[in-house]
Amino acid sequence: MPRWTGAGAPALRRGPDMTEILKTPARWPTILLGRARAKDPRDLDEAVAAGAFAGLRRAIRDLGPTAVIATIADSGLRGRGGAGFPAGEKWRTAASTDADRRYVVANGYGADPASHTDRTLMLLDPFSVIEGTAIAAYAIGANEAFIAVRAEDADVIASLSAAIGAATDAGFVGEDVSGSGHDIHMTVRPVQGAYMLGEETVLLKALEGKRGQPEQRPPHPAESGLFDRPTLVHNVQTLAAVPWIVSEGASAFRATGTTGSPGTVLVQVRTPGGENGVAEVPLGTPLREVLGLGGELPAGRSIKAVLIGGPSGGLLPPDALDTPYDFEPLRAAGAHLGSGSVVVVDDRTDLLELVGVLTRFCSNEACGKSIPCRIGVKRLAEIVARREDGLLRPVDMELATDLATDIVASALCDHERLATLPLTSGMRYFGSDFDPARRPQPASTEAPR
Ligand SMILES: Cc1cc2nc3c(=O)[nH]c(=O)nc-3n(C[C@H](O)[C@H](O)[C@H](O)COP(=O)(O)O)c2cc1C
Ligand code: SF4
């Protein structure tokens, strides 16, 4: 049975299209999933009765574009797509860069195949993403907005398309939005490709109908993005927080999360033998509490490591569980928020085998544009494979450390920086697993879910 925050919530449909929502403490704020209990998430009347589009109305009637941007800047909202860049700065740049047209792109691609945070949000409350995107378009002076999603995700496409249709009929998007005199045409754009398509410059190329590889920055998309026009690209969670901020005020938002990282974020928690679901977590929550949402490990099993941030995430040891789930603390510990995925790795797992799988994934998904990433990450994967085959030479781990340092120093895009993390965090915290003298362990009998 699905479990919900609060009592008496209606059951949620589950199945291949839906991830379970994990129960969270009642004291935690719900900014992103506050309306996720709706019987029909596409029912506009129900959503409006629960507060949908109040933020857009306030933005237009009470604030105006400049004050909306100031509110977002004052709120301290940081991008949820991984890097945590201050949203207000991007909005100011996109609004102030001279151009005949501007765009907003909601990044709902969800590159990590194992994290369903963004699609869960788009399925359970499509109006929050639509409203946040509309407010952003109004604020920066964009008349066109795209919500980019995976082409194979028919449920998300259907949900968002129906919700945009209903919002257009009601005058919340389309021509002369809510009597503002401002047109906001919004479209769902299915895109199909590999892991790198979630990266913003690759995504923009795909939306232009071109083959994409990451671009050197600056200029950033907020200055020159889609069709060389200022483009505000945000993760769908970042945009979904916007209506709440505009309705409740910047200081109310600052009262949640931490001083440096206000607000909440969606986390996909996986525990072998326990839960696998999505939870809305205030930033700064100790990792231990985040893991607690996934329940207990089976009797006799213990935590060996926690993989945080997706396939290019970092492995942290059990004594790092007091680390706050927040951008800087996780980075300092050797991981990153990334896709919002938190996976408990139990004591049956051979970490080297796991690092091998992750590093090969990162190598296979590299787009090939820059040599240090194309060749370097492949070499790292080969070193890990030598260890798996029992052929590791003593010099190999030193080689891996040097190579990882060089790869990070020459990064063209964040993939290169992050692709080294599984190995470097593994060597940092679990040195004995990587010791060439140690025999490889047999494969685990049961894979983590
Ligand atoms: C390899 C790679 C994959 C990425 N995949 C995603 C993704 O699936 N969704 C996303 O929102 N951002 C992804 N990003 C980050 C985007 O490039 C970009 O920073 C983000 O969409 C900006 O939104 P934000 O300001 O809300 O963080 C990825 C970055 C890299 C390097
Ligand atoms: S760093 Fe890797 S993924 Fe990024 S552009 Fe270069 S080859 Fe492509």
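Domain bounds are taken from an automatic or database domain assignment. For the protein chain, that assignment gives domain 1 (30-254), domain 2 (264-346) and domain 3 (351-434). The model is a predicted one, in which local features need pLDDT of at least 70 and side-chain atom pairs count only at pLDDT 80 or more, while totals for chains, interfaces and linings use all residues. Residues are numbered from 1 along each chain as its sequence is written, chains are lettered from A and ligands numbered from 1 in the order in which they are written, and side-chain values use heavy atoms, with hydrogens and water left out.

**Domains**

- The centres of domain 1 and domain 2, taken over C-alpha atoms, are separated by 27 Å.
- Contact (heavy atoms within 4.5 Å) links 20 residues of domain 1 with 19 residues of domain 2.

**Sheets**

- Helices (H or I, at least four residues) and strands (E, at least two) are DSSP runs, numbered from the N terminus. Two strands pair if DSSP finds at least two bridges between them.
- Strands of a sheet pair through backbone hydrogen bonds, either parallel or antiparallel.
- One open sheet consists of 6 strands in the order 1-7-6-10-8-9, and its pairing is mixed. Strand 1 (20-21) and strand 9 (314-316) are at the edges with a single partner strand each, so one side of each has no neighbour in the sheet.
- Strand 1 pairs with strand 7 (residues 276-282) in the parallel sense, over 2 bridges. Within this pairing, E20 is opposite G277 of strand 7.
- Axes are lines fitted to C-alpha atoms, for helices over the stretch in contact, and angles run from 0 to 180 degrees between N-to-C directions.
- Strand 2 (residues 103-108) pairs with strand 5 in the parallel sense over 5 bridges. T231 in strand 5 is the bridge partner of Y103.

**Helix packing**

- Angles under 35 degrees count as roughly parallel, over 145 as roughly antiparallel, 65 to 115 as roughly perpendicular and the rest as oblique. A crossing is left-handed if the near helix is turned anticlockwise from the far one by less than a right angle, and right-handed if clockwise.
- For the make-up of contacts, Ala, Val, Leu, Ile, Met, Phe, Trp, Tyr, Cys and Pro count as nonpolar, Asp, Glu, Lys and Arg as charged, and the others, Gly among them, as polar.
- Helix 2 (residues 54-63) and helix 9 (residues 236-248) have axes that come within 8 Å and cross at roughly 50°. Helix 2 and helix 9 are therefore oblique to each other, and the crossing is left-handed.
- On the side of helix 2, this contact involves A54, G55, R58, A59 and L63, which meet P243, V246 and S247 in helix 9. The contact residues comprise 5 nonpolar, 2 polar and 1 charged.
- The axes of helix 2 and helix 6 (residues 126-140) come within 9 Å, crossing at roughly 15°. Helix 2 is therefore roughly parallel to helix 6, and helix 2 passes helix 6 in a left-handed crossing.
- In this pair, A54, G55, L56, A59 and I60 of helix 2 meet E131, A134, I135 and Y138 of helix 6. Of these contact residues, 7 are nonpolar, 1 is polar and 1 is charged.
- Helix 5 (residues 117-124) and helix 7 have axes that come within 8 Å and cross at roughly 40°. This makes helix 5 oblique to helix 7, and their crossing is left-handed.
- R119, M122 and L123 of helix 5 make the contact with D155, V156, S159 and L160 of helix 7. These residues divide into 4 nonpolar, 1 polar and 2 charged.

**Backbone details**

- R217 and P218 are joined by a cis peptide bond, with omega about 0°. P218 is placed in the loop between helix 8 (200-207) and strand 5.
- A cis peptide bond also runs from P218 to P219, with omega near 5°. P219 lies in the loop between helix 8 and strand 5.
- S178 is not a glycine, yet its phi is positive at about 45°. S178 is in the loop between helix 7 (154-169) and strand 4.
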